[in-house]
Amino acid sequence: MRNLRFVVASMTLVTLPALAPAADDVAALRAEMQALKSDYNARVQALEARIQQLESANAAPADAATAVAATRPEPPPPAAAATSSASAFNPAISLILGGSYTTTSRDPADWRIAGFVPAGEEIGPGERSFNLGESELTFSASIDPYFSGTLTAAITADNEIEVEEAFFRTTALRDGLSVKGGRFLSGFGYLNEVHAHAWDFVDQPLVYQAMFGGQYRQNGVQVKWLAPTDLFLEFGAETGNGDNFPGTRLEDNGFNGATLFAHVGGDIGDYTSWRAGASWLTSRAEERPGGIPGADGASAFDSFTGDSDTWVVDGVLKWEPSPRRQLKLQGEYMHRKEDGTFVFDPAGLAALANYGNTQSGWYLQGVYQFAARWRVGARYDSLDSGSPLYSPAASDPPIEFAPPGAAPSPDRLSLMFDWNPSEFSRLRAQFDWDDARDDGHSLTDGDHVLRLQYLYGIGAHGAHKY
Amino acid sequence: MKTFIKLMAALFVGAASLPAGAALKVLATTPDWGALTTELGGDKVNVYVATTALQDVHRVEAKPSLVARARNADLVVATGAELEVGWLPVLLQESGNSRVQSGQPGYFEAVSALKLLEVPSKLDRAMGDIHPLGNPHVQLDPRNIQAVAHALTARLSQIDPAQAAYYAARGKDFDARWDQAIKGWEAKAAPLKGKPVVIMHRDQVYLCHWLGLTEVASIEPKPGVPPTAAYLGSLVGKLTATPAKLILLNAYNDPKAANWLSGRVHTPDVVLPFSVGGSDGAKDLFGLFDDTVNKLLAALK
């Protein structure tokens, strides 16, 4: 009712200057005010539109105002017609806000995965205390009848903007074909394509951190084909510039590396669904910086040039006996073989040696939603850093590069508990017994990491992949 | 690599040699649209239903099996109005099937034939899980089913013109039987008119609207938000002062809060099928409304 009074008052004010030419109208409006009681909402809208008309009429010459008033009996134009069409094609925008509070029992600055070359800076438990996570901004829309486009930008706590994904995708191809181009999360494995805000744990499994520094992004193109069967059967191939760990950008024309993947999936009964897959990634690295800590803790090499081949098998199974309960089991095993040369530069003396290694790792996790808004989960990570072989010259037989004592055996156990008040918010606690530093002889004490995390989504309602 | 290419080539040839002129493949998002498509399309359609009556259609996963069905579908029959916004866009995107993309004849939205209730004048997620385009749970008003049937018959004829006469005849037949059935249900449900009821979620609004039931309270304080103990306590106070006749529940709902409230305010709660397949009686669309009306009347006694 207060709203109505406001409308009536403002209407009176607005009409005052135009009173002389529009005196009849004011009388008519007064009469209509009586009728408002019966049809309150619709009338208020109509009157608001009329006020707008009168306002514009007041700004115009007097005869124009009369003309507008004369057309008064016509119904006001619908609201949609009044808005500009310039914003009607705006893309769907969504924003993810995230952050965490972290405590660790050991200094996070010396966190490393024993026996593995650091695969980037965005790995490990992060810093202590409050940490702002990446704010993830996504724009997406159809471009025309043939393509759609998506941009996901991450605004980091260091005030930098990173392009997480920026790609086009075809929408007009048929027979199961689709093509994607730009920068996108590779279809390699299962978790690689899942955005950070949709992860079931605060961070990626160790194997993803060790092998890709988190996630493998392709700067290139992807072709996917879905078989015409009732069983889900999908094949994909990608190539790009290779500018992502474990590859580097080459100076040649053409591509660096390729990814092939195949996924199969279906249902078992009414409540269970599954997907399994196998993928293979090959790429070449030229002077890729890195360094495995050697026996004395010093870097065993400075840069690597050679071929890197990785394959993965993955599987996920979801059991959903009611709309409020779900059990999700997933696991992946990755295997990488690298062959080439490394530059070893202890004192400005760039020594070249042949180098080869085979490394692997896996994780297994289970998440159980036991009530509408509550979930618990557990994850175990384990890595095998392999036995690096090197030979000072190509003609020499390879020598096992084994530091004294036991071999590195990085592993980690994580427990997770989260509360999801709605589809758009999530509060999570995760505790890790983190033995990623365990090199078998000097750094065997584990780290205890507790992280409290929030994740909020605003804007367009996102749709998640399986 | 060579084996991979060979395998892809073999599957491609397999795809190209599939028999033409087979039944129209339809992917329906809910059992109700699946049942309606079967009523209208008879043996000229091959319908796959993405969900069951015991699932919450808001929260469905874009399962691999559904992506595979979307890839092969000639027609996707969805509710629309963003009911399936959390999963259908992914299905369509991953399907590699241009025929069923939004805007194509192979993509049909039931709400395109309807005027929705509860179109919000203000949009803010603080108000809960609201649907910007209006309340999309349209299937419990049989007059809506009829309007959608007309539009769907036209659409079937558009994408499968060779069978247009068949669809038109079936559509006409269904329309006549449905008209009769509505008259029957409305006559039978006359005692329900004006009765005060408590609803669970806004998905019972169209049923109340059709039968003239008066909604006096909702167990969810806001759409999609489960009730707190304090809120349920306030409902007890409210319903003791102005008693309701029934508490309505859907087959897929968690019955705990409704059962508790029912015991406290001595008002019977009734579990309705909500969708085809939601109860033993709701085997098809006719059964859905027979059973819904019967259960309401039985609970009222």
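A: In chain B of this predicted model, strand β5 (residues 196-199) runs parallel to β6(B) and is joined to it by four bridges, where strands (E, at least two residues) and helices (H or I, at least four) are DSSP runs numbered from the N terminus, and two strands pair if DSSP finds at least two bridges between them. Within this pairing, B:V197 has B:E215 of β6(B) as its bridge partner. Residues are numbered from 1 along each chain as its sequence is written, while chains are lettered from A and ligands numbered from 1 in the order in which they are written. Because the model is predicted, local features need pLDDT of at least 70 and side-chain atom pairs count only at pLDDT 80 or more, whereas totals for chains, interfaces and linings use all residues.

The two strands belong to an open sheet of four strands in chain B, ordered β6-β5-β7-β8, with parallel pairing. Since β6 (214-218) and β8 (269-272) of chain B stand at the edges with a single partner strand each, one side of each is left without a neighbour in the sheet. From one strand to the next the twist averages 35 degrees, with axes being lines fitted to C-alpha atoms, for helices over the stretch in contact, and angles running from 0 to 180 degrees between N-to-C directions.

Across β7 (246-250) and β8 of chain B lies helix α10 (residues 285-300) of chain B, which runs at about 170 degrees to β8(B); two residues are in contact here if their C-beta atoms, placed from the backbone, lie within 7 Å.
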